[in-house]
Amino acid sequence: MFTSIAGRAVVVTGGSRGIGKGIARVFAGAGGRVLIVGRDADVATSAAADLSAGGAEVSHVLADVSRREDCHRIAATAAERLGGIDVLCANAGIFPAAPLAEMTDQDIDEVLGTNLKGTILTVQACLPALAASGRGRVILTSSITGPITGFPGWAHYGASKAGQLGFLKTAAIELAASGITINAVLPGNIVTEGLDELGEGYNAQMAASIPLRRLGTVEEIGYAALFFATDEARYITGQTIVVDGGQVLPESLAALEG
Ligand code: NAP
């Protein structure tokens, strides 16, 4: 039995859709007071309404994590509405595909700007509030793509996701002095609106390559994030947990036969 995180102030970037919404749902279900972050006003408004339907405290703020001033607005809004930040889930990310031979400066800047620089800016802006909490927790959403695997079209994406883990290791050392832990969840293929855009064929092919024979759910990423936020995980920092149904394990397709 883990100690409850009820009442903790939780910020989830990219909490308006997909994995972030699943993380927000899990934290809200555990009694967290949650602020979700996204850029699209309609999507964020309806997500906050949906997530608070059962009586949970969930609100939203519009911000682009690739912009420093927006990240400071996230922290200021959390201070105003939640009285601070105990848990930051830096999850916002994009994954537009581009073959390496055709990748433009804009493609690279967009993906690294949101996924890597955006992670750093969000953590930086929330640091004072996390330190004031006395039990600050940062949970990054990285990926198996980059740190462990590769996929054509995602060279820039993989670099951004592996880059988050490079950031994590030094951040863990620096933040330890303030009692803040920082860890990352590495999802495999998770059923989301974003992944749906890649088509039925992609999802079916992926499921066939996963030992547990299905894609993951957004809540299954939320549960791993929630573990890092519990008091019982207080001595874990700078670490990663893969949540992928065993996808990275098979040595070859033959390992999945029979
Ligand atoms: P998604 O369904 O497309 O949702 C992305 C979320 O991030 C949305 O809430 C989006 O809202 C927000 N967002 C995107 N850019 C933003 C920005 N610049 N500033 C603020 N918010 C922004 O994607 P997802 O699949 O849930 O992915 C979420 C995270 O999980 C990403 O970091 C991704 O790399 C990682 N991941 C996903 C999978 C998977 O299978 N789905 C696997 C491994 C890792 P707005 O568009 O309104 O801003």
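Reply: Let us begin with a definition: a residue counts as buried under 20% relative accessible area, as exposed over 50%, and as partly exposed in between. Please keep in mind that this is a predicted model.

Me: Is Phe95 buried or partly exposed?

Reply: The relative accessible area of Phe95 is 29%, so Phe95 is partly exposed. Tyr157, by contrast, has a value of 9% and is therefore buried.

Me: How many aromatic pairs does the structure hold?

Reply: In general, two aromatic rings pair if their centres lie within 6.5 Å, and planes over 60 degrees apart count as edge-to-face. The structure holds seven aromatic pairs.

Me: Which parts of the chain does the pair of Phe95 and Tyr157 tie together?

Reply: Phe95 belongs to the loop between β4 (87-90) and α4 (105-133), whereas Tyr157 belongs to helix α5 (residues 155-176), so the pair ties together parts that are 62 residues apart in sequence.

Me: Why is the pair of Phe151 and Tyr202 edge-to-face?

Reply: The ring centres of Phe151 and Tyr202 are 5.7 Å apart and the planes lie at 75°, so this pair is edge-to-face. Phe151 is found in the loop between β5 (137-141) and α5, and Tyr202 in helix α7 (residues 200-208), so parts 51 residues apart in sequence are tied together. Phe151 is partly exposed, at 36% relative accessible area, while Tyr202 is buried, at 11%.

Me: Which residues form one aromatic cluster?

Reply: The cluster is made up of Phe95, Phe151, Trp154, Tyr157 and Tyr202.

Me: Which residues come nearest to the ligand?

Reply: The ligand has 29 residues around it, and those that come nearest are Ser16, Arg17, Ile19, Arg39 and Tyr157.

Me: What polar atoms lie by the oxygen atoms of the ligand?

Reply: A polar contact is a pair of N or O atoms within 3.5 Å. A side-chain N or O atom of Arg17 is 2.7 Å from a ligand oxygen. For Lys161, a polar side-chain atom lies 2.8 Å from an oxygen atom of the ligand. Ile190 uses a polar backbone atom, 2.8 Å from a ligand oxygen.

Me: How much of the ligand does the protein cover?

Reply: On its own, the ligand has 880 Å² of accessible area, and the protein covers 96% of this. The ligand takes up the space of the largest pocket. The elements that give two or more residues to the shell around the ligand are α1 (18-29), α5 and α6 (193-196).

Note on methods. Residues numbered from 1 in each chain as written. Predicted model: local features only at pLDDT ≥ 70, side-chain atom pairs only at ≥ 80, totals over all residues. Heavy atoms only, no water. Phe/Tyr/Trp six-rings, centres within 6.5 Å; stacked < 30°, edge-to-face > 60°. Helix = DSSP H or I, 4+ residues; strand = E, 2+ residues; numbered from the N terminus. Buried < 20%, exposed > 50% of the residue type's maximum accessible area, 1.4 Å probe, protein only. Near = heavy atom within 4 Å. Polar contact = N/O pair within 3.5 Å; in protein donor to acceptor, adjacent residues only side chain to side chain. Areas by Shrake-Rupley, 256 points an atom, 1.4 Å probe, with all protein chains shown as cover. 1 Å grid on protein atoms, 1.4 Å probe; cavity = no way out; pocket = protein on both sides within 12 Å on 5 of 7 lines; lining within 4 Å. Sits in = over half its atoms within 2 Å of the grid points.
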